[in-house]
Amino acid sequence: MNRSKLALDLATYLVFFAVILALPLFYDEFWLNRFAKYLVYGMLAVGISLSWGYAGVLNLGQGLFFGIGAYMMAMSLKLASATSLQQGADTPVPDFMLWNAEPGAKTDLCCINQGSFLWIPFQDQWFGIAMSIAMPVLVAGILGAIVFRQRISGVFVAIITLALVLLVRLLVIDAQPVTNGFNGLTDLGWFTILGFEFDPYVVETYYLVAGALILTLTGTRLLVETRAGLILQAIRDDQNRVRYLGHAVARYQVFFFCVSAAIAGFAGMLYTIAAEFTSPTFMDLAFSITMVVWAAVGGRASLIGACIGAILINTIEAEMSETEELVEAWKAIIGFIFVMVVLFLPRGLAGFAHDMTDLALRSLGLAERETGTAARDVPLPAREEA
Amino acid sequence: MAQAALTIDALGVSFGGFKAVDEVTMIVEEGELRVLLGANGAGKTTLMDLISGKTKSTAGRVHLYDHDITNLEEHRIARQGVGRKFQIPSVFRDLSVQENFEVASCQNRSVFANIGFGFGAARRSRIEEVLELTGLADDRHVNASSLSHGQTQWLELGMLVIQDPKVLLLDEPTAGMTQAETHKTAEIINSLAGRHSLLVVEHDMAFVRQIASHITVMHLGRLLAEGTIEEIESNPEVRSAYLGSQGIA
């Protein structure tokens with residue numbers, strides 16, 4: 001990459017980080033809580049960009065990993081809530097398990113119903129945190145190993161992931177005694193580290209999410225700059241060529257699929273902390289597709305573009321849906337924006353920004369030639385001697 | 001006699017009874033440049049598919065030096081040292097020329113070993129060498145998608161060369177090239193012979209004259225003849241099966 005472009009890229013990241021870190025100066029806790037959720041959506045879009053933009057794998061079931069992450073965290077937080085702690089037993093028991101308990105069942109996670117023992121380790125909040133990343137990775141690893149070893153690609157991956165998220169959603173709703181069915185897990189306790197309780201409506205919780213996003217975005221960006229990241233992009237372009245260069249294509253695909261799932265699981269965990277609930281709606285088809293739209297609008301080939309796209313769209317949606325004059329029309333306007341972007345900016349906002357920068361750099365004579373042999377002998381624009 | 005680099009022993013494949021390649025036996029010696037001739041449907045590309053693992057053979061063995069590489073997974077055969085260039089040039093279109101070469105330079109093949117940045121001095125200078133060899137040094141930052149057809153072929157060839165494979169399989173490396181490009185490709189390929197063993201499928205007879213010392217002719221999945229260009233030209237069976245009555249033009 002051109003040096004001036006690299007500098008611009010770095011500057012974009014730094015400005016973005018500065019902006020999200022400065023938001024608490026301008027907004028109250030109510031808005032900060034909203035923004036925390038939007039930053040989580042931004043994180044989801046980073047995962048989509050990694051798998052769709054960089055790996056060329058369109059995952060229409062990213063909500064599966066988000067949902068798993070959210071549930072794992074919510075189980076721990078549910079057990080930490082006041083209502084769970086006050087069920088008359090020595091150990092916490094979720095209220096919904098009591099409502100549906102068989103008469104005479106022992107009020108304890110071990111045996112209040114057949115599946116309740118699964119909750120026992122979640123009494124440790126760190127177990128919940130670990131599982132909210134480990135479980136999505138495990139599921140992605142198994143799914144990826146099957147799909148990518150069979151060399152399934154393109155639209156078939158999309159269909160498989162789509163079917164899987166719907167299947168799991170059904171299972172979660174069906175396993176009512178363990179998951180509280182379609183009600184999801186509500187009335188959660190607060191996330192606590194070293195005695196500090198993350199009330200969703202304090203600035204610290206916002207910073208927790210913002211810090212996590214900065215970490216994720218930086219880490220993912222560095223990851224795609226590695227040799228493995230380069231091989232991943234090569235696989236996207238022509239996986240057979242990569243295979244005949246001696247690289248184990250499926251392993252790279254599975255690895256990055258797992259990373260993408262880990263990001264989604266992490267996002268789900270943070271969302272639960274900020275929103276204080278989790279529900280099977282996280283695994284609705286519409287939500288998974290919405291994530292893909294965010295990434296498309298922001299620019300799937302750019303991690304930060306997809307991230308900003310998600311945050312912008314959600315902020316605009318919130319603003320518009322609460323503007324009285326637009327109450328009826330806002331969905332149509334958002335839809336119109338989506339269509340316009342896909343029609344005229346196929347590489348999203350990031351692609352547009354990229355082209356504009358190129359244009360600016362070229363007019364300043366800073367850009368390296370990137371357009372092929374034909375442009376070789378075109379002289380750089382003469383700079384004025386000052 | 002030189003050592004055998006690639007030994008193909010009674011190799012065959014049948015697709016539902018149709019034998020696309022039937023009991024083909026040949027030896028490519030170390031450093032040799034062997035041209036594979038044959039009319040359409042003679043089984044040349046299928047033979048390359050069998051060697052490189054794209055198609056699983058149903059009979060016979062393939063040895064690379066002392067290693068049996070028959071029907072291994074494609075990437076394992078490649079790791080053993082068999083480089084394959086496809087008939088339709090396949091490169092990474094959204095990556096720059098240099099990045100294409102870098103992908104080929106990632107020699108350590110576990111995912112976690114490649115979680116790191118950049119390349120050592122030896123690999124970097126190897127990339128420079130191949131940029132020079134393929135004449136793409138000035139276009140190193142150009143996206144592969146905006147290269148000319150000939151340049152794309154050289155890029156793919158360069159990716160293979162960077163890996164220093166023991167055996168190179170080239171499927172019509174001059175397909176669609178201009179005369180000047182064909183000439184340059186011949187130079188590149190000639191410079192590779194000696195250090196690598198090459199098996200080249202080619203139709204362009206002028207090109208074959210420029211590169212070949214030894215030719216193998218296939219016909220309907222079987223070996224028809226083997227020999228120098230003069231021997232092949234005068235072989236009556238080859239003339240009737242492939243060259244027609246005019247001989248090599």
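Q: Two strands count as paired if DSSP finds at least two bridges between them. On that basis, what order do the six strands of the open sheet in chain B have?
A: This is a predicted model. In it, the six strands run β6-β7-β8-β3-β9-β10 in chain B, and the pairing is mixed.

Q: Which are the edge strands?
A: β6 (82-85) and β10 (222-227) of chain B. Each of them pairs on one side only.

Q: By how many degrees are neighbouring strands turned against each other?
A: On average by 20 degrees, ignoring direction.

Q: How many bridges join β7(B) to β8(B)?
A: Five, and the two strands run parallel. β7(B) covers residues 167-171. For one position, Leu170(B) stands opposite Val200(B) in β8(B).

Q: Which strands of this sheet does α1(B) touch?
A: α1(B) packs on the sheet and touches β3, β6, β7, β8 and β9 of chain B. The helix direction makes about 145 degrees with that of β7(B).

Q: Let's zoom in on β3(B). Which strand pairs with β3(B) in the parallel sense over four bridges?
A: One is β8(B), residues 197-201. There, Leu33(B) has Leu198(B) as its bridge partner. β9(B), residues 214-219, is also joined to β3(B) by four bridges and runs parallel to it. In β9(B), Val35(B) is partnered by Ile215(B).

Q: How many residues of β3(B) are buried?
A: Five of the five, so the strand (residues 33-37) is largely enclosed by the rest of the structure.

Q: Which residues lie on each side of β3(B)?
A: Leu33(B), Val35(B) and Leu37(B) are on one side, with Arg34(B) and Leu36(B) on the other. Both faces are covered, and all of these residues are buried.

Q: Next, the open sheet of four strands in chain B. What's the order there?
A: β2-β1-β4-β5, with antiparallel pairing.

Q: How many bridges join β1(B) to β2(B)?
A: Eight. β1(B) spans residues 4-15, and the two strands run antiparallel. Val13(B) has Val21(B) as its bridge partner in β2(B).

Q: Which helix packs on that sheet?
A: α1 of chain B, residues 44-52. Here α1(B) touches β1, β2 and β4 (59-64) of chain B. The helix direction makes about 70 degrees with that of β2(B).

Q: Helices now. At what angle do α3(B) and α4(B) cross?
A: Roughly 130 degrees, with the axes coming within 10 Å. α3(B) is residues 97-105 and α4(B) is residues 121-133. That angle makes α3(B) oblique to α4(B).

Q: Left-handed or right-handed crossing?
A: The crossing of α3(B) and α4(B) is right-handed.

Q: Which residues make the contact?
A: From α3(B), Gln98(B), Phe101(B), Glu102(B) and Ser105(B). From α4(B), Arg123(B), Arg126(B), Ile127(B), Val130(B) and Leu131(B). By class, that contact has four nonpolar, two polar and three charged residues.

Q: Where is Thr152(B) found?
A: In helix α5 of chain B, residues 149-162.

Q: Is Thr152(B) buried or exposed?
A: Thr152(B) is buried, because 22 other C-beta atoms lie within 10 Å and the cut-off for buried is 20 or more.

Q: What is Thr152(B) in contact with, leaving aside its neighbours within four places in sequence?
A: Pro89(B), Val91(B), Ala144(B) and Leu147(B).

Q: Over to chain A. At what angle do α2(A) and α14(A) cross?
A: Roughly 145 degrees, and the axes come within 7 Å. α2(A) covers residues 29-54 and α14(A) residues 303-321. The crossing is right-handed.

Q: How do the residues of that contact divide by class?
A: Between α2(A) and α14(A), 14 are nonpolar, five polar and one charged. Among them are Arg34(A) and Tyr38(A) in α2(A), and Cys307(A) and Asn314(A) in α14(A).

Q: And how many residues of chain A are in contact with chain B?
A: 28, in contact with 33 residues of chain B.

Q: Which element gives the most to the side of chain A that touches chain B?
A: α10(A), with seven residues. The elements giving two or more residues are α10 (227-237), α11 (239-243) and α12 (249-275) of chain A.

Q: What classes does that side have?
A: The side of chain A that touches chain B has ten nonpolar, eight polar and ten charged residues.

How values were computed
Residues numbered from 1 in each chain as written. Chains lettered and ligands numbered in written order. Predicted model: local features only at pLDDT ≥ 70, side-chain atom pairs only at ≥ 80, totals over all residues. Axes fitted to C-alpha atoms, helices over the stretch in contact; angles between N-to-C directions. Parallel < 35°, antiparallel > 145°, perpendicular 65-115°, else oblique. Left-handed = near helix turned anticlockwise from the far one by under 90°. Contact = placed C-beta atoms within 7 Å. Nonpolar A, V, L, I, M, F, W, Y, C, P; charged D, E, K, R; others polar. Buried ≥ 20, exposed ≤ 12 C-beta atoms within 10 Å, placed from the backbone.
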